[in-house]
Structure formats: structure tokens, C-alpha cells
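Reader: Hey, I'm new to this one and have it open next to me. Can you walk me through it?

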Amino acid sequence: MRARIPGSKSITNRALLLAAAAVGTSRLRLPLVSADTIAFRTALTSLGVRIRTWEDDEVWEVTGAGRGPAGKAGVWCEDAGTAARFLPPFAAVGHGRFVFDGSAQLKARPLGPLADTLSALGATVTTGTAGGGLPMTVESAGLDGGAVTVESSLSSQFLSGLLMAAPLMRRPLALTVDSLVSRPYIAMTLALMRRFGADVTERPADVIEVRPGGYVALDLTVEPDASTASYVFAAAAVTGATVTVPGLGHGSLQGDLRFVDVLRQLGARVDVTDSATRVTGEGPLRGGFRVDMGEISDTFMTLAAIAPLADAPITIRGIAHARLKESDRIAAVAQNLRALGVDTDEGHDWITVHPGAPTGARIACRRDHRIGMAFSVLGLRVPGVTLDDPSCVGKTFPGFHEELRRLFPSTSRPASPQRQGSR
Ligand SMILES: O=C(O)C1=C[C@@H](OP(=O)(O)O)[C@@H](O)[C@H](O)C1
Ligand SMILES: C=C(OP(=O)(O)O)C(=O)O
């Protein structure tokens, strides 16, 4: 079966920002169209960037001015971490006063290290709480660059935002990276910056140097989202089906494609080519391992939700920063697994899931799309798994339930809002 996986959120929102910072008109083909990317697009529009959509949203055309925004603006980031972390540095290389705000969920997520670094670079920044958080006000008259350290143990997004703004600074910027999580997202940022023409050098000891010179407009086709693909790959592994995702293969910019290595460890067959990735379920899942998912933490819930079906415990570690996302994801996964009758142990940065015979339960999604999607996969094997908020998937994959039903029509599938009447 060929899955229809929408475009990468991380690539879409980076490409929107880089196109907005470039001189000229860029075209993004097959962007992700979901709450997170529409929020990012709308936020850029509030900053004065011209964006047009064509062909039923299959092409987004962005006209950049080659500089940061000017004037005064209020910018609504909704639930999007990428908007709250990528847009303030872009505003700081502009001229004016910009106020960023977002949902209660986003307000609870950290921004302190970004505020500190922007202040060290010369912007005037205030945040909603002492530790940093929305609303964030940025007042600036452009930035000079220089040498700063970016504390990156809570999120890599602070560093990505600063890096992408750096070519619009007046002088070179040298960033020393301290305690980086989610490292593959920085490789994605640097790769996309280079495609848009930036001059970037990675030096020893985690120093990244970016020289001024701006960006040039580009036409870019967005790959399918690898984090989203984890759900259909896991679904193949637990049902014995074969699922192929075209357009995701060797050369992908997304670290989360490495989730298939975890499925291989569980006993699934995995084939990755230049143009596609295919996963086939091959009998019972083999547990009895520990895996560090700190670099691919958006996919740890996909593994944790199917882990009770394995023949031995599975420990996932290195994921403390997953407590700072749309929900405290370690707590959310543990709570829901226990509600399903599955033994679970957790610590600050790890979770152990024991084998079990999960019963049905109503999953508490905590407005977290990935909790909803991960437990829907378990629902393919366990009758009576329902979601308290099926529409939470709209943050990154509004058509998730329909696509899972299209791929697995005959499996006991509970998560559909229509059939369960649980909306
Ligand atoms: O840069 C990005 O596009 C992202 C980075 C990751 O966040 P952290 O760096 O906060 O772990 C990831 O969880 C998020 O979904 C997208
Ligand atoms: C953490 C996530 O989103 P963001 O940080 O971009 O809001 C996610 O999509 O899982």
C-alpha cells in the first residue's frame, strides 16, 4: 500500500521563513497545509511578507524583500513552536517593535534561551514570564552579529531561528552551541539555508559561523513529513501489512526517518531506497532493548504506544525535552498506557513500557496531535481505543483519520470521530 503523507512541517516552515528573508519570489511545492503551517504563513503575513497560494494550496508563492520586517506588528503564533522560535530572530534583524503571542499551550513552552541570546546580540526583548515565554516583545534596529552561546538543551528551535536570521545581520555571527537536543533539525536548517544561498561554516567544538549576504529566492518541493510517516510505518509493523511512503528515502533532510531503524529492531522489514521507504510487519514485535530517541523525540510516542505489543520491555531514553512540547509527552504516554492496563515506569528523561494485553480506553490527547496519532496506531490492534479529541491531529495532519482508515479499512479501528461519535 502506498500511503499519502503530507509535506514536512519543519521543511515547510523553514522554507517559508527563508523565502521571506530572500530577495525575490520563491515557490514552495506540496507544502504541508495544516494548523501549524497556516499559523506560520499567517504570522509572516502579519510581518508584511506577501504570500499567495495557488492550485488548491499545492503551491505557495512567497515574495521576500531581502531584509527583516519594518514597523510595528502583533504576531499570533497559535500552537506552533516553530513560529514562536523562528520569527522573533527574523523580527530582530528588522526595524521596529513586534509582539509575539500564542495559545495557552504555546505560552507554557520555554523561550528564555532565545530571549537571552537576542538580548546579548543587542535587541530589546521582554517575555511573559521570568523564565521566558510568550508574549514576547522584540524591539530592534537590526543586529550587528558577533559571538554568542546558545543554550540548546530545551529545544533546538532557538538555534535554528538564530541561524536562519544570521545572513541578514550586519556582520558575521559565530554561534557556540551548548547541550544541543534534536540535532538533526540543525542539519536540516543548515542544509536549507545553503540551498537558499547562505554562507555557513561548521567549525570544531560546535561553533557555527554565518556570514552576511542574505538569501536568494528558490523553488523547492517539500518532502513528505517523516514524523507523520512514523504512524503508518508503525501501523504496518503491528498489522503485518506493507506500507510504502514515496518521496521519502536516502537523502531526506529529516532525521525522523531514522524511526524505521527502531522498527527494524522490533523485527519489521525495512527497505529504504533513493525515492521511497517501505516497511513490512513480520510477526510479533521483539522487545527487550533500550533506545536513545533524543534526536528523534517526536517519534518516541509512536514506539511507546505500540511497545505493549512486544514480547519484552522497551526503554526509551534521552527524551527529557519531550516534556516541553504540546504536552508533557512522557507523562501523557504513561497516563494513557496505564489507562489501557499497561505497566509503565518513567523517570525525568526515560520511559519503560512492559508487555501487556491492553484493553480499550478513552485516550486523553492533551491537545497533542502526536498523542492522538500514536494511540490510533495501537487502536488498529486493540478494540475500544478512542480519542477524547480526534481533531487534535490537525496541527500537522488534518486528514490523518481518513488516511489510516483508507490504508487499514478492515482492521478494528476505533479512532474515527465519525464512527465513534466522540468528537
Ligand atoms: O525545528 C523543528 O522543526 C522542530 C524541532 C523539534 O523540536 P525541539 O528542538 O524543541 O526538540 C521537533 O520536536 C519539532 O516538532 C520540530
Ligand atoms: C513539537 C512539535 O511541534 P512544535 O515544536 O513545532 O510546536 C511537534 O510537532 O511534535
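Reader: Let's start with G112. Why does G112 count as partly exposed?

Author: Because G112 has 16 C-beta neighbours inside 10 Å, it counts as partly exposed. A buried residue would need 20 or more, and an exposed one 12 or fewer.

Reader: Ok. Which helix is G112 found in?

Author: G112 is in helix 5, which covers residues 112-120.

Reader: And what is G112 in contact with, leaving aside its neighbours within four places in sequence?

Author: Those contacts are G131 and G132. Also, the C-alpha atoms of G112 and T129 are separated by 8.8 Å, and those two residues are 17 apart along the chain.

Reader: Let me zoom out. What am I looking at, and what does the protein average for pLDDT?

Author: You're looking at a predicted model. The protein averages a pLDDT of 96, with 97% of the residues scoring at least 70. As for the overall scores, ipTM is 0.99 and pTM is 0.97.

Reader: Where does pLDDT stay under 50?

Author: That happens over residues 414-423. The model has 25 contacts beyond four places in sequence for that stretch. Where pLDDT is low, the predicted coordinates should not be read in detail.

Reader: What about contacts between residues at least 6 apart in sequence?

Author: Of those, 72% join residues at least 24 apart.

Reader: New topic: domains. What is the protein divided into?

Author: There's domain 1 (9-210) and domain 2 (226-420). Their centres, taken over C-alpha atoms, are separated by 29 Å. The contact takes 20 residues from domain 1 and 15 residues from domain 2.

Reader: Which elements give two or more residues to the side of domain 1 that touches domain 2?

Author: Those are helix 1 (9-21), helix 2 (35-46) and helix 7 (184-195). Helix 7 gives the largest share of that side, four residues. By class, the side of domain 1 that touches domain 2 has ten nonpolar, five polar and five charged residues.

Reader: Now the ligands. Where does ligand 1 lie, and why?

Author: Ligand 1 lies between domain 1 and domain 2, because both give residues to the shell around it. The residues surrounding ligand 1 include S10, T82, Q157, Y185, D298 and H321. By class, that shell divides into two nonpolar, nine polar and one charged.

Reader: And which residues are around ligand 2?

Author: Around ligand 2 you'll find A80, G81, T82, D298, K325, E326, R370 and T396. T82 and D298 are also among the residues that surround ligand 1. By class, the shell around ligand 2 has one nonpolar, three polar and four charged residues.

Reader: Why does ligand 2 lie where it does, going by the domains?

Author: Domain 1 and domain 2 both give residues to the shell around ligand 2, so it lies between them.

Conventions: Residues numbered from 1 in each chain as written. Chains lettered and ligands numbered in written order. Predicted model: local features only at pLDDT ≥ 70, side-chain atom pairs only at ≥ 80, totals over all residues. Near = placed C-beta within 6 Å. Nonpolar A, V, L, I, M, F, W, Y, C, P; charged D, E, K, R; others polar. Domains from an automatic or database assignment. Contact = placed C-beta atoms within 7 Å. pLDDT = per-residue confidence, 0-100.
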